[in-house]
Amino acid sequence: MMKRKGITIFRWAALMVSFIFLLYGANFMGSKINWVKLPVFSCALSPSGGVDSICKTIVDVEEWFLGINMIPSLIGIGVFLLLIILFGRLFCGYVCPFGFVQELLSSVRKKLRLPSFKIPLKVKPYFTTVKWIMVIGFLLGIGYCDLCPVRYVMLPLAGMVSGSDFIGIFLAALILGLAFFNERIFCRICPIGALAGIFNSRSLARIKKKGVACTHCRACLEVCPMEIKEIYEEREKTDLTKQECIYCMKCIEICPEETALSFELCKKNILVSKRHRR
Amino acid sequence: MSEIYEERQRERYKRNVVKMAGSSLSQIDETAVSPVDISYFIGRLESIFVGLEDKENNAKIGMYCAMAPEEFVYALGFTPLKLCGNHPTATLAGEDHAPRDSCPVVKASVGFQSMNIIPMFDNLKAVIIPGSCDGKKKAAEILSQYVPIIPIPIYMSKDDDGFELLVETYYGLIATLEHITGRKMTASRLKKACVEISRASKEAYKLYEYLKSDKAVISGTQVMSVMSSYAYDDPGRWATEVKKLNKALAKVQPNSSKRKRKKPRIIIAGSPIGFPHFKIPYLLETLGAQIVTDESCLAGRLLYDPVLPDNYSLDGMVRALAARYVAPCTCPTFIEMEDRFCRLEQEKDITNADGIIYHVLRGCIPYDFELLYIEKWAEKHGIPVLRVETDFSTEDYEPLKIRLEAFIEMLERR
Ligand code: SF4
Ligand code: SF4
Ligand code: SF4
Ligand code: SF4
């Protein structure tokens, strides 16, 4: 059977390091790095965070626009855009602390050998709708920080009081509960992920497939946290970097067919699927 | 009076099965290309079909068709037996219950139960019958006269809906097996079974790598017999034996041969080939061809796909098993043909094959349906295909030999 190695260990290590840095970094460094805004959910309301995510900058434009923080904020937005244009959603798989929390929860579920909750086939399409509604709400900035589930999870983890908006707490609890049974369920409707995902189609990080080598064994779809159907189904196209892909590499790691799936970064082959022989 | 007659008939059946099995077994070694020892596997087959023994006499659950998940059976402490029949005598006996024109595998499978002469097939708690083709579906009812049956549906399409239905079906199968065996399925039991059977799967994969290599030190007929013996062995023990064999294959030197020219490399595709129906591989290899792989669901396809669960909850494993047994299955019973073409293309490229023998069991409609498209596909890829329609009998031995000889010659001249 399958032993996870290499890339998964690296990914967990990256997620852990960035979790610590993004939650408590300012405690070590003295202050935040404020000219970088990341395409992940690292709450800007926390004073101890190492680097903020883009969210608050977009949500509360009036706070910095024409203010003293105008220049660093604009640079921050520029860095954010550059990062998503170059790497698409790569940060979701390796950096995002909220992604990490979700994955941690579902890995506890897996250790406990509890069944997962699969989203029924009929319900799946609605997730896309909700996702784009989230994006619109996010860009318009309507009360986003008050309801943001990330805040009610991240701030307490960073040792702070998170506020007491009842709906917000309820949503956060709901999402954590769901994430326990369905890996990264919030990522499916996450507005930052959705925005970064737009650039997945052209970014430097590519998931490739050699159709004829694929046996349609379905293993990749079963492990894909974003349930990207094409990764399993498609045979004609060679580039399968879908908008939803968070580059977790689970598909490549589990694929039992030699060279059927591979990952390319800057046109360099980084990872190739192979049969596990022992 | 009729009892005496039946007893005599059984004796006659017995003699014929033993004779056929014995002669098929003695042919296997003729195809050897190195001194490698496969006597463990030959010995198993011999003990069951020539010695008519059942040494362990343990409780078993039988299954027909490669789409029955043996992990469930193994996890509940029973030995899974693959019961698909391939003996001409059994086919004959089966004709008392199934129409003449139906598929020989179905006839032989029914035949073995009705003849009741193989002790290994006694002591069956139940048999699982996936409804993978019409013959199997109808066989279920006939078989229910002799043994408790568990029919399970196989859905026409491998799309998402079909898959989710299959997962539900597998849960139902677990419940039925729990009821029949009186044991409870747990995640840890199932995991153990999956791990054990995946050992077998991995060793089989390596064995086929040896067969596919340029300087194969084992013949295709030998490999197919090893695979055939899996059907009647404990998966764990079989895995250990194949591991030994693989180790030996790494060291053994090929027999010296006077042949100058390279042997034509041939893939056997089409209907299943299992012991003792080895006339095609045997003829091919004694006539100077080399079998590089096969897509028989009783040999090359049997253990090819691994079980790859996302997690080791019962649910995770049931889903992975449903995926393993059906999603990549190249059986022509599904409405999608593409998987099969891709598989063939991939095998052709990996093995550098020169030709394909397309085996159609007389009466096996699904495989015959696809022949036309396989031929078109082969033409596009520039690889010759020979369709061979036959059954388990040895009557067409001579004409078959002539055709195969001509095909091999043609490949050599290309
Ligand atoms: S509350 Fe949410 S949206 Fe607002 S800054 Fe924190 S993480 Fe970003
Ligand atoms: S999609 Fe998931 S990993 Fe990516 S930013 Fe959103 S919460 Fe984080
Ligand atoms: S397609 Fe592969 S890399 Fe992308 S999210 Fe799914 S499993 Fe991860
Ligand atoms: S895991 Fe690999 S072989 Fe299986 S369906 Fe996915 S890409 Fe194809």
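This is a predicted model: local features need pLDDT of at least 70, side-chain atom pairs count only at pLDDT 80 or more; totals for chains, interfaces and linings use all residues.

1. The largest pocket has a volume of about 840 Å³. Its lining comprises 42 residues, and those nearest the centre are B:Ser132, B:Cys133, B:Cys331, B:Thr333 and B:Pro366. In chain B, helix 5 (104-115), helix 6 (134-143), helix 12 (314-326) and helix 14 (365-381) are the elements giving two or more residues to this lining. Helix 14 of chain B contributes the most, with five residues.

2. By class, the lining of the largest pocket holds 28 nonpolar, six polar and eight charged residues.

3. The whole structure contains 14 cavities of 30 Å³ or more, and the volume of the largest cavity is about 200 Å³. This cavity is lined by 23 residues; nearest its centre lie A:Arg109, A:Ser116, A:Lys118, A:Glu222 and B:Asp310.

4. At least two residues of the lining of the largest cavity come from each of helix 6 (97-111) and helix 12 (219-223) of chain A and helix 12 of chain B. Helix 12 of chain B gives the most, namely four residues. Within chain A, domain 1 (6-197) and domain 2 (205-265) each provide at least three lining residues.

5. The lining of the largest cavity divides into nine nonpolar, four polar and 10 charged residues.

6. Around ligand 4, the surrounding residues include A:Cys214, A:Cys217, A:Cys220 and A:Cys255, together with A:His216. The shell comprises seven nonpolar, two polar and three charged residues.

Terms used:
Residues are numbered from 1 along each chain as its sequence is written. Chains are lettered from A and ligands numbered from 1 in the order in which they are written. Side-chain values use heavy atoms; hydrogens and water are left out. On a 1 Å grid over the protein atoms alone, a cavity is a set of points where a 1.4 Å probe fits but cannot get out, and a pocket is an open set with protein on both sides within 12 Å along at least five of seven lines; lining residues have an atom within 4 Å of a point. Grid points are joined across faces, edges and corners, and a volume is the space filled by probe spheres set on the points. Ala, Val, Leu, Ile, Met, Phe, Trp, Tyr, Cys and Pro count as nonpolar, Asp, Glu, Lys and Arg as charged, and the others, Gly among them, as polar. A residue is near a molecule or strand if one of its heavy atoms lies within 4 Å of it. Domain bounds come from an automatic or database domain assignment.
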